[in-house]
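Open your viewer, and let's pick residues one stop at a time.

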Amino acid sequence: MNSIFKTLQQVVLIKKDKKSLVPNRDDLYLAGSTDLFDLERRQKELDTRFIRKF
């Protein structure tokens, strides 16, 4: 029984870590823009991806 709780705890921690990586990935994607127009295009892509989840 104790091992089930440890496994469940590990699954929750992994999920939590993956969620915290997404904003970092988005920030890196935006930081790679070459100019203002590219930055705006990338931001729109991220915004539409966020809207599609709902």
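A residue is called buried when its relative accessible area is under 20%, exposed when over 50%, and partly exposed in between (1.4 Å probe, protein chains only). Residues are numbered from 1 along each chain as its sequence is written. This is a predicted model, where local features need pLDDT of at least 70, side-chain atom pairs count only at pLDDT 80 or more, and totals for chains, interfaces and linings use all residues, while side-chain values use heavy atoms, with hydrogens and water left out.

**Stop 1: the salt bridges.** We are looking for a side-chain nitrogen of Lys or Arg within 4 Å of a carboxyl oxygen of Asp or Glu. The model has 4 salt bridges by this rule.

**Stop 2: between helices.** Select arginine 49 and aspartate 26: their closest N and O atoms are 2.7 Å apart, forming a salt bridge. Arginine 49 lies in helix α2 (residues 36–52) and aspartate 26 in helix α1 (residues 2–31), so this pair ties together parts 23 residues apart in sequence. Helices here are DSSP runs (H or I, at least four residues), numbered from the N terminus. Arginine 49 is partly exposed at 35% relative accessibility, whereas aspartate 26 is buried at 17%.

Stop 3: Now select aspartate 38, which is buried at 11% relative accessibility.

**Last stop.** Select Asp38, Arg41, Arg42 and Glu45 together to see a network of salt bridges.

How values were computed: Helices (H or I, at least four residues) and strands (E, at least two) are DSSP runs, numbered from the N terminus.
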